[in-house]
Amino acid sequence: MESILSLRENTPAEQKSGSNIKTGVFKQLYETHYKRVYNYISYRINNHHDTGDLVSQVFERVIQKYGAYDPKRAAFEAWLMGIARNTVTDYFRSQKRNFSVSLDYVIGCIAGNNQPEEVIVLNESNKALLQALAKLSEKERNIVALKYAAELKNTDIAKMLGLSDSNVGVILSRSLEKLRKELGKEGALQ
Amino acid sequence: MNKENHSRQIEELLKTDFSRESDSQEKILNQILNKLENSRNIIEDKKESLPMKKIFVKPIFTAAMVVVLITGFVTTSFGQDLWRIIKEISVGKHAKYTVIERTGTPDLTIPEELKGKLYDKSGNVLAYFPENGAIYNQRGEEVLISVVVYENEDGSVVTKIEALSKEEQAARETSQMTTLTDPESAKPYLAFDFSLPAYLPEGYAFDRIQLFNDENGQPVENCEYASVYFSNGDQAKDIYLQLRLMNEETAYEADIGNVDEVEINGHKGIIGESNLDIEIDGVMYMFMAGASGINNEQLFKMAESIR
């Protein structure tokens, strides 16, 4: 028999509705969405070493909250990316609590200047992309990550962030222009 | 420089799949499945006890209540000889109310983090919490003491105690919360649905609903909490209603003075001194009359009119 996944005891409502996620369904969701969650987090945070941990946290939260997902309210992708976004926010908060690291140090880490044995080897253009992303504001970086890494539609991003569709479009084009300038400086564009 | 060409290159670059550079997909999945297996075992072990991860204490409005709450914490740790638990009421699976009786002289010493920062009305530094009467800061502004106790992931209990003036409290709320004037517009951000009372005391109307912000200043998605205010035009007399989706994460144990069990339209709850909490469809509706002068009978009517 297929087991039911749960990280906590079921609430009576959940027991009644049987809304927990089955292992098979979870594995399928994981296979389908792993890439976009991984990429979204890679785009948002400056430390590749933590990406795997955060991906794991996102999917654990999916299991915890699956019973509360209402397809009438949001597309699954948008709901999932809402969880990913909150996980990244919590990560930033805990980083702030523990210590603060200068952006240069972080970029140095990404570029492999510090502790190279702990840094996943990135090719040159990916490195340049991450360095350029780090120059965007958090808001811009989040929107770029939701659009390109998480592959959400502008409408979904707008709904998630409480912005208008056109506002999302404007921020995206402004961000791309910034990236173009940064990548140009780095000599990453031909 | 070819701008169009560059834009195309950036779009291509933004399709980079970082997940291919790491071989962790399988590893992470196995970790999650293992963790679930372990947590199932832990849950089996703990089934006897009520799951209470975070202990929550409501904001405090009167100095008298401050004393009760602070000494209440002492009770839970090392002051058992000063207090006796006379009643415990559970509402649903995740909320517990404790009523205590004083059996000795409580330790009213001001905790280290607030030492030298609290004053009486005449501007004298307080060494002890007053049993009655207001507490002031250095500027002579009346302060509210807020105490939040929560459990860390490692199981250690942390108590955070602060003294904030009404202005500071309001400023913090404004900076950390989004205020909306239409309850419906709050619903997309919440992990639960809710209804507001059809009955309101005379002169009162729905005023605003507040949601917690994330670090970008936007309301948190799928949030489990919301604060609703009903006003008669004088904000000091607002009736406060906290909405809280009840689960293991939002569970709390509260000491808010004497409370009695209550049942309204088949829903279980508690009624206390200007407080009425009732759980409806997994959501705790926590009414606080504060300084409004609204009595329990009217709070009861408000709760009764939630459909």
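Okay, so for today, two residues are in contact if their C-beta atoms, placed from the backbone, lie within 7 Å. With that rule, take contacts in chain B between residues at least 6 apart in sequence: 56% of them join residues at least 24 apart. Run the count for chain A, again on contacts between residues at least 6 apart, and 65% join residues at least 24 apart.

Housekeeping next. What you're looking at is a predicted model, where local features need pLDDT of at least 70 and side-chain atom pairs count only at pLDDT 80 or more, while totals for chains, interfaces and linings use all residues. Residues are numbered from 1 along each chain as its sequence is written, and chains are lettered from A and ligands numbered from 1 in the order in which they are written.

Let's start with chain A. It has 9 helices and 2 strands; helices here are DSSP runs of H or I with at least four residues, strands are runs of E with at least two, and both are numbered from the N terminus. Along the sequence, the pattern goes β-α-β-α-α-α-α-α-α-α-α. Of the 190 residues in chain A, 34% are buried. Buried means that 20 or more other C-beta atoms lie within 10 Å of a residue's own; 12 or fewer is exposed, in between is partly exposed, and the C-beta atoms are placed from the backbone.

So where do the nonpolar residues gather? For a nonpolar core, I'm taking a set of buried Ala, Val, Leu, Ile, Met, Phe, Trp, Tyr and Cys residues joined through C-beta atoms within 7 Å. The largest one has 47 residues, and those with the most contacts inside it include A:Y40, A:V55, A:V58 and A:L146. Here's a bit I like: helix 2 of chain B supplies at least two residues of this core, and so do several helices of chain A, among them helix 2 (23-44), helix 3 (48-65) and helix 4 (76-98). Zoom in on A:V58 and, not counting residues up to four places away in sequence, you find it touching A:V37, A:I83, A:A84 and A:T87. There's also a second, separate core of 39 residues, and B:A226, B:M246, B:Y285 and B:I294 are among its members.

Staying in chain A, look at helix 7 (residues 138-149) and helix 9 (residues 165-186). Their axes come within 9 Å and cross at roughly 100°; axes are lines fitted to C-alpha atoms, for helices over the stretch in contact, and angles run from 0 to 180 degrees between N-to-C directions. That makes helix 7 of chain A roughly perpendicular to helix 9 of chain A, a label for 65 to 115 degrees, with under 35 roughly parallel, over 145 roughly antiparallel and the rest oblique. Helix 7 brings A:E140, A:I143, A:V144 and A:K147 to the meeting, and helix 9 brings A:V168, A:I171, A:L172 and A:S175. Between these two, in helix 8 (residues 154-161) of chain A, the buried residues include A:I157, A:M160 and A:L161.

Over to chain B, which has 6 helices and 13 strands. Here 28% of the 307 residues count as buried. The thing to see is an open, antiparallel sheet of 8 strands in the order 5-6-7-8-13-12-11-10, where strands pair if DSSP finds at least two bridges between them. Strand 5 (177-180) and strand 10 (260-264) of chain B are at the edges, each with a single partner strand, so one side of each is left without a neighbour in the sheet. The twist averages 20° from one strand to the next.

Strand 12 (residues 275-280) of chain B has 5 of its 6 residues buried. It pairs with strand 11 (residues 267-271) over 3 bridges, and B:G269 stands opposite B:I278. With strand 13 (residues 283-288) there are 6 bridges, and B:D277 has B:M286 as its partner. That hairpin has 2 residues between the strands, and B:D281 takes a positive phi near 50°.

Last, the contact between the chains. It takes 37 residues from chain B and 44 residues from chain A. On the chain B side, helix 2 gives the largest share, 8 residues. That side divides into 14 nonpolar, 15 polar and 8 charged residues; Ala, Val, Leu, Ile, Met, Phe, Trp, Tyr, Cys and Pro count as nonpolar, Asp, Glu, Lys and Arg as charged, and the others, Gly among them, as polar.
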